[in-house]
Structures are given as C-alpha cells and as structure tokens.
Amino acid sequence: MSVLAISATAILLTACSPERQYRGVSEPKWQQLSAEQKQLIVDQAYQSEFIQPKTTS
Amino acid sequence: MKKILCLSVATLLLSGCTPATQQVMSPLRYNQSIDVHVNKTAYLYWQPGEIHGSELPRQVSYNSGIAGALVSAAIDTQMRKNNPSHYTFTYGKAQQAVFMTSFRDVLLQNHVFKDVILTTDLSRVKSQDVLLKVYFKSTKVGPAGKNYQITLDVDMSIEANKSTFTRSYVAESDGSYFSFKNFKDQQTDASQQLLSKLIGGIKQWQVKKS
C-alpha cells in the first residue's frame with residue numbers, strides 16, 4: 001500500500017510539471033537563444049499562421 | 001520500501017537536470033574567404049519544414065526488483081508524455097534560427113552583399129534586391145546507435161532580376177562510433193557543412209549570373 005502511495009505521489013508530481021513551449025521550442029532551448037533568434041522564430045510562426053491559417057473540422 | 005523511495009526521489013531529481021536533447025549549438029563561423037561581392041541588398045528568408053527526431057532510449061533499472069522497475073517505468077512513461085522534447089533529439093526551430101543568424105552574419109562579415117537582412121515578410125523585398133530563400137525541407141536525427149547523426153535536406157533559391165537559381169543540398173554529420181561527437185557537436189558538424197554548401201551555391205549563382 002505504501003509502495004503504491006509513493007508511486008502515485010511520484011507520478012502526480014511529474015504530471016504537474018509539463019514543459020513550457022515557445023512557438024514549438026522547449027523552454028531550455030529557448031533560454032539558449034539570443035533575442036534576435038527568438039524574434040525570428042516568433043515572426044516566422046506568425047507569418048505561417050497568417051499566410052496558412054489552421055483549419056478546424 | 002526505502003529503495004523504492006530513493007528511486008522515486010532520484011528520478012524526480014534527475015528530471016530537473018538539462019539533458020543533451022536540449023542543447024543548442026553555438027553560432028557558426030566560416031574561416032575561408034568568399035570572393036563574391038554583389039552591390040545589392042539581400043533578404044534572407046527562412047522556411048522550416050519537416051522535423052524528424054530520435055527518442056532517447058528507455059533505461060529501466062532492475063536493481064530494486066520488479067516493483068521498482070515497474071515504478072521507474074511508469075514514471076519514465078509519464079515524464080516522456082509531459083516533456084517529450086526532453087527525450088527527443090531534434091534539429092528543430094531553435095537550431096535553424098541559430099543557423100540563419102549565423103548565415104546572415106557570415107555573408108555580412110565577408111561583404112558578399114551590400115547588406116543582408118533576415119526577414120519573414122516577403123513584401124519587404126523590392127525588385128532590385130536579391131532574395132535568398134533557405135527551405136529546411138527535412139531535418140532528421142538518427143538513433144543512438146548512429147550517435148544521433150543529423151541529416152539536413154535543404155533547398156536554397158536565389159531570386160534576382162526576375163530569374164531564380166535553385167539548388168538542393170544534403171548535409172550529414174559524422175555518425176560513426178569513433179567520431180566521439182556529442183549531440184551539440186553533431187549539430188555544429190551538420191550545420192557547418194550546410195553553411196559551406198550554401199556559400200558554394202552563392203558562388204555558383206554569381207558565376208552563372210555573370
């Protein structure tokens with residue numbers, strides 16, 4: 001029972017920490033980029049969404 | 001029970017460290033001279049394409065018995081679900097952005113064009129300018145057995161004076177076991193090769209133009 005409790009706690013803790021994404025780039029990678037590189041990714045994502053908007057069914 | 005507790009805590013602690021999958025290469029350099037000088041402004045346009053990654057192999061420890069192995073496997077599965085990028089090697093947007101800014105810097109430093117501007121807005125490009133489009137058609141990372149070898153399949157087109165020059169390039173890093181390259185080195189290796197090929201393409205365009 002205590003083994004199950006520990007397992008459940010561990011899984012719950014990990015489930016509460018989903019990664020942050022910035023325009024498809026994970027946070028640790030995002031932190032390594034310069035301001036210009038970040039802006040490039042944001043601008044490119046905006047342009048692709050603007051030019052090719054996602055269609056919803 | 002103590003072993004299982006320790007295993008759970010260790011797994012959680014390890015998840016806080018930055019894995020190799022999250023490393024992004026440093027800016028690239030080009031040490032050779034480029035004997036191309038065009039008195040025009042060039043716009044550099046980046047198009048990302050398909051990104052194919054390689055997953056970090058699962059590691060299950062049986063030292064704590066079957067129960068411990070099941071617990072660590074369950075935690076591993078949940079963590080991979082929550083943080084897929086921590087367990088997947090890719091040459092994605094982050095690396096491509098580093099490549100594009102490096103490419104721009106190399107062209108500027110060598111005065112290949114009067115000016116080089118990174119843009120995502122094609123409406124800025126005038127008829128008298130040169131437009132370089134770099135399309136990362138496909139980027140792939142090989143499995144652990146191939147040292148996470150990176151393959152870049154890229155198209156470059158150069159548009160100027162109403163004509164278009166297009167070439168396709170494949171750059172592949174050294175995936176041999178004895179290359180002793182980590183993932184960051186693989187990124188640099190593939191990117192440097194691609195950079196050399198794109199510069200070669202610009203030289204070819206210049207020769208064809210004149």
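1. In chain B, 49% of the 210 residues are buried. The model is a predicted one, and the remarks below should be read accordingly.

2. Chain B contains four helices and seven strands. Taken in sequence order, these elements follow the pattern α-β-β-α-β-α-β-β-β-β-α. Of the contacts in chain B between residues at least 6 apart in sequence, 75% join residues at least 24 apart.

3. Helix α3(B) comprises 17 residues, which at 1.5 Å a residue should span 24 Å; the C-alpha atoms at its ends lie 24 Å apart, in agreement with that expectation. After α3(B) comes H111(B), which has a positive phi, near 50°.

4. Is α3(B) enclosed or open? Burial applies to 13 of its 17 residues, so the helix is largely enclosed by the rest of the structure.

5. The axes of α3 (residues 93-109) and α4 (residues 183-209) of chain B come within 11 Å and cross at roughly 45°. An angle of 65 to 115 degrees would count as roughly perpendicular and one under 35 degrees as roughly parallel; α3(B) and α4(B) are therefore oblique to each other. Their crossing is right-handed.

6. On the α3(B) side, the contact is formed by Q95(B), F99(B), F103(B), V106(B) and L107(B). The α4(B) side supplies F183(B), Q187(B), S191(B), L194(B), L195(B), L198(B), I199(B) and I202(B). By class, the residues of this contact are ten nonpolar, three polar and no charged. As a general point, an α-helix has 3.6 residues a turn, so residues three or four places apart point the same way.

How values were computed
Residues are numbered from 1 along each chain as its sequence is written. Chains are lettered from A and ligands numbered from 1 in the order in which they are written. This is a predicted model: local features need pLDDT of at least 70, side-chain atom pairs count only at pLDDT 80 or more; totals for chains, interfaces and linings use all residues. Side-chain values use heavy atoms; hydrogens and water are left out. Axes are lines fitted to C-alpha atoms, for helices over the stretch in contact, and angles run from 0 to 180 degrees between N-to-C directions. Helices (H or I, at least four residues) and strands (E, at least two) are DSSP runs, numbered from the N terminus. Angles under 35 degrees count as roughly parallel, over 145 as roughly antiparallel, 65 to 115 as roughly perpendicular and the rest as oblique. A crossing is left-handed if the near helix is turned anticlockwise from the far one by less than a right angle, and right-handed if clockwise. Contact means heavy atoms within 4.5 Å. Ala, Val, Leu, Ile, Met, Phe, Trp, Tyr, Cys and Pro count as nonpolar, Asp, Glu, Lys and Arg as charged, and the others, Gly among them, as polar. The expected span of a helix is 1.5 Å times one less than its number of residues. Buried means under 20% relative accessible area, exposed over 50%, partly exposed in between (1.4 Å probe, protein chains only).
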